[in-house]
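Morning, everyone. Let me put the model on the screen, and then I will walk through it.

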Amino acid sequence: MKNAQIFITKDGSQGLYNPELDEIYHSREGAQKESIEKFIIPSDFEKRTRESDSIRVLDICYGIGYNSKNALAFYKNCNITIDALEIDKELVDYSPRADFFMPEINDFIAGKKELTGAKINFYIDDARKVIKTLNYKYDVIFLDAFAPNKLPTLWSVEFFKQIRRVIKETGVLVTYCSAQPVRKAMDISGFKLGKAENEKGHSFATVAALDEAFIKTPLDDYELGLLNTKAAIPYRDKDLSASAGEMFETREKEVRNSALEGASAYIRRMKGKP
């Protein structure tokens, strides 16, 4: 929390701003709204919980808990276990005090109250370290890290390969991020790729799964083509220990030396522009 400032988003829920990175943790349009629209709905969360006796969720970058809290608010008729990864213990400690529309969930997070069939485990450390130690298989994985152009450490090919290791064959990975290097890293790691779209048909989240049957809206040919341009060259982190600066430098070097078509040239070619 020492590196985070609280602000109120447009839907009245609390968001956080990190001045060190000049980056917000949540959409200014609404932290609660963003969690539901970009994580709960695209993961088909309610349907998955209605159709299962138990469900296990991996929440990468818990923050102050909107994605986990909404998972607890929307699960139906099953047991639920959430493994929440967060490097900043102060955020986790603050989480039960951040307003939520179901106060009993804040009480559950604080350990003051039980929720039927629910359990949450916190892992306070770098998610890159933690994920290598996990031996569970997950039905739903939320990835809500800082934007890759600000902090690429949780968006590398190597990190997505670890996610692939722990996701069920029937599982789904969802993230707000639709950046080309992120989608390419998912693709290289063996995921089928899809998206969530707004009312104008613009992609605002990425959905990935090992089985394309769990992708409602696949990426179209144009979007898949972008993954073969320089813009989609992914971040690398061989030992899952590189600094952000090292990862930026490695990618920039690969972009400079790449013979791939540039994204601008690809877009002009596909749209028939001179």
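How many bridges join strand 5 to strand 6? Seven, and the two strands run parallel. Strand 6 covers residues 118-124. Two strands count as paired if DSSP finds at least two bridges between them.

Ground rules before I go on. This is a predicted model, where local features need pLDDT of at least 70, side-chain atom pairs count only at pLDDT 80 or more, and totals for chains, interfaces and linings use all residues. Residues are numbered from 1 along each chain as its sequence is written, and side-chain values use heavy atoms, with hydrogens and water left out.

Now the overall picture. The protein chain has eleven helices and ten strands. Those are DSSP runs numbered from the N terminus: helices are H or I with at least four residues, strands are E with at least two. The chain has 274 residues, and 53% of them count as buried. Buried means under 20% relative accessible area, exposed means over 50%, and partly exposed is in between, with a 1.4 Å probe and protein chains only. The chain exposes about 13300 Å². Carbon and sulfur atoms supply 47% of that area. The areas are Shrake-Rupley values with a 1.4 Å probe; for residues, only the protein chains shown count as cover.

Contacts next. A contact means heavy atoms within 4.5 Å. Take the contacts between residues at least 6 apart in sequence: 67% of them join residues at least 24 apart.

Back to strand 5, residues 79-86. Seven of its eight residues are buried. Strand 5 also pairs with strand 4, residues 54-60, in the parallel sense, over seven bridges. How does the chain get from strand 4 to strand 5? It goes through helix 3, residues 66-74, and this β-α-β crossover is right-handed. Right-handed means that, with the strands pointing away from the viewer, the path from the first strand over the helix to the second runs clockwise.

Look at T81 in strand 5. R56 stands opposite T81. In strand 6, the bridge partner of T81 is K119.

Helix 3 itself is mostly covered: nine of its nine residues are buried.

C61 sits in the loop between strand 4 and helix 3. Its phi is near 75°, a positive value in a residue other than glycine. N77 sits in the loop between helix 3 and strand 5. Phi of N77 is near 55°, again positive and again not a glycine. N77 counts as exposed because its relative accessible area is 71%.

Now the core. In soluble globular proteins, nonpolar side chains tend to be buried together. Here the largest nonpolar core has 71 residues. A nonpolar core is a set of buried Ala, Val, Leu, Ile, Met, Phe, Trp, Tyr and Cys residues joined through side-chain atoms within 4.5 Å. The residues with the most contacts inside it are F45, I60, L72, I80, I163 and L173. Take I80. Beyond its neighbours within four places in sequence, I80 is in contact with residues including F45, L72, Y75 and K119.

Next, S95. Where does it lie? In the loop between helix 4 (89-94) and helix 5 (103-109). S95 is buried because its relative accessible area is 0%. Its side chain makes a polar contact of 2.7 Å with the side chain of Y62. A polar atom of that S95 side chain also lies 2.8 Å from the backbone oxygen of I64. A polar contact is a pair of N or O atoms within 3.5 Å; within protein, one must be able to donate a hydrogen and the other to accept it, and residues adjacent in sequence count only if both atoms are side-chain atoms. S95 and Y66 are 29 residues apart in sequence, yet 8.7 Å apart in space, C-alpha to C-alpha.

T153 lies between strand 7 (138-143) and helix 7 (157-166). T153 counts as buried because its relative accessibility is 12%. Its contacts beyond four places in sequence are R128, D237, A242, A244 and M247.

D220 lies in the loop between strand 10 (203-209) and helix 9 (221-226). Buried or partly exposed? Partly exposed, because its relative accessibility is 35%. A polar atom of the D220 side chain lies 3.1 Å from the backbone nitrogen of Y222.
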